[in-house]
Amino acid sequence: MPYTFHGAFSAKRIGICWDGSRLAARALHDAMPLLRAADALTVITIDGADPIPSESSSDHLVRYLAKEGLPAKITSLPASKSEVQSILLSIAADESLDLLVMGGYGHSRLQETLLGGVTRDMLRAMTVPVLMSH
């Protein structure tokens, strides 16, 4: 929870940060009870990242969610690695999302320490509740 968060928590509009990774899939699985109760789901992808195999693509995820009775839309924006956290928070604000679901710490601790990472940046400056799984 962001330190600025006040009031009752409600997860009616959820953003799923998707890069096709094992960590993103784990976060999706962990969030399923919340996703089933949500009114709207948005799959968020960042263009320009590493290519994603077709079986892990955002389109494949949307089809999987639809089979589960969970319709979702896709929002995809271009960003460099240094902009990912700010883009995610911008989409969360634009879409009025109550919660972001994402994998955390997908890089080595050394790389996270030296170069930073989306997880660390998100924990420092989140403006919306975030469910992270590792």
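## A strand tucked inside

Helices (H or I, at least four residues) and strands (E, at least two) are DSSP runs, numbered from the N terminus.

Keep in mind that this is a predicted model, where local features need pLDDT of at least 70, side-chain atom pairs count only at pLDDT 80 or more, and totals for chains, interfaces and linings use all residues. Residues are numbered from 1 along each chain as its sequence is written, and side-chain values use heavy atoms, with hydrogens and water left out.

## The whole protein

How many helices and strands does the protein have? There are five helices and five strands, and along the sequence they follow the pattern β-α-β-α-β-α-β-α-α-β. Of the 134 residues in the protein, 42% are buried.

Now for contacts, meaning heavy atoms within 4.5 Å. Among contacts with a separation of 6 or more, 76% are between residues 24 or more positions apart.

## The sheet

Strands of a sheet pair through backbone hydrogen bonds, either parallel or antiparallel. In this protein, five strands form an open sheet in the order β3-β2-β1-β4-β5, with parallel pairing. Two strands count as paired if DSSP finds at least two bridges between them. At the edges sit β3 (72-78) and β5 (130-133), each of which pairs on one side only. On average, neighbouring strands of this sheet are turned by 20 degrees against each other, direction ignored. For angles like this, axes are lines fitted to C-alpha atoms (for helices, over the stretch in contact), and the angles run from 0 to 180 degrees between N-to-C directions.

Back to β2, which covers residues 40-47 and runs parallel to β3, with seven bridges joining the two. Across this pair, Thr-42 stands opposite Lys-73, and Val-43 stands opposite Ile-74. Strand β1 (residues 13-17) is joined to β2 by five bridges, again in parallel. Cys-17 stands opposite Ile-44 in β2. To get from β1 to β2, the chain crosses through helix α1 (residues 22-37), and this β-α-β crossover is right-handed. In other words, with the strands pointing away from you, the path from the first strand over the helix to the second runs clockwise.

## Two residues to look at

Is Ser-58 buried or exposed? At 14% relative accessibility, Ser-58 counts as buried. Ser-58 lies in helix α2 (residues 58-67) and touches Trp-18, Val-43, Thr-45 and Ile-74, not counting residues up to four places away in sequence.

His-29, in helix α1, is exposed, with a relative accessible area of 57%. The C-alpha atoms of His-29 and Val-101 are 9.9 Å apart, though 72 residues separate them along the chain.

## Where two helices cross

Two packed helices are described by the angle between their axes and the distance between the axes. For helix α3 (residues 84-94) and helix α5 (residues 118-125), the axes come within 9 Å and cross at roughly 50 degrees. The two helices are therefore oblique to each other: angles under 35 degrees count as roughly parallel, over 145 as roughly antiparallel, 65 to 115 as roughly perpendicular, and the rest as oblique.

The crossing of α3 and α5 is right-handed, meaning the near helix is turned clockwise from the far one by less than a right angle. Here Val-84, Gln-85, Leu-88 and Leu-89 in α3 meet Val-118, Asp-121, Met-122 and Ala-125 in α5.

Key:
Buried < 20%, exposed > 50% of the residue type's maximum accessible area, 1.4 Å probe, protein only.
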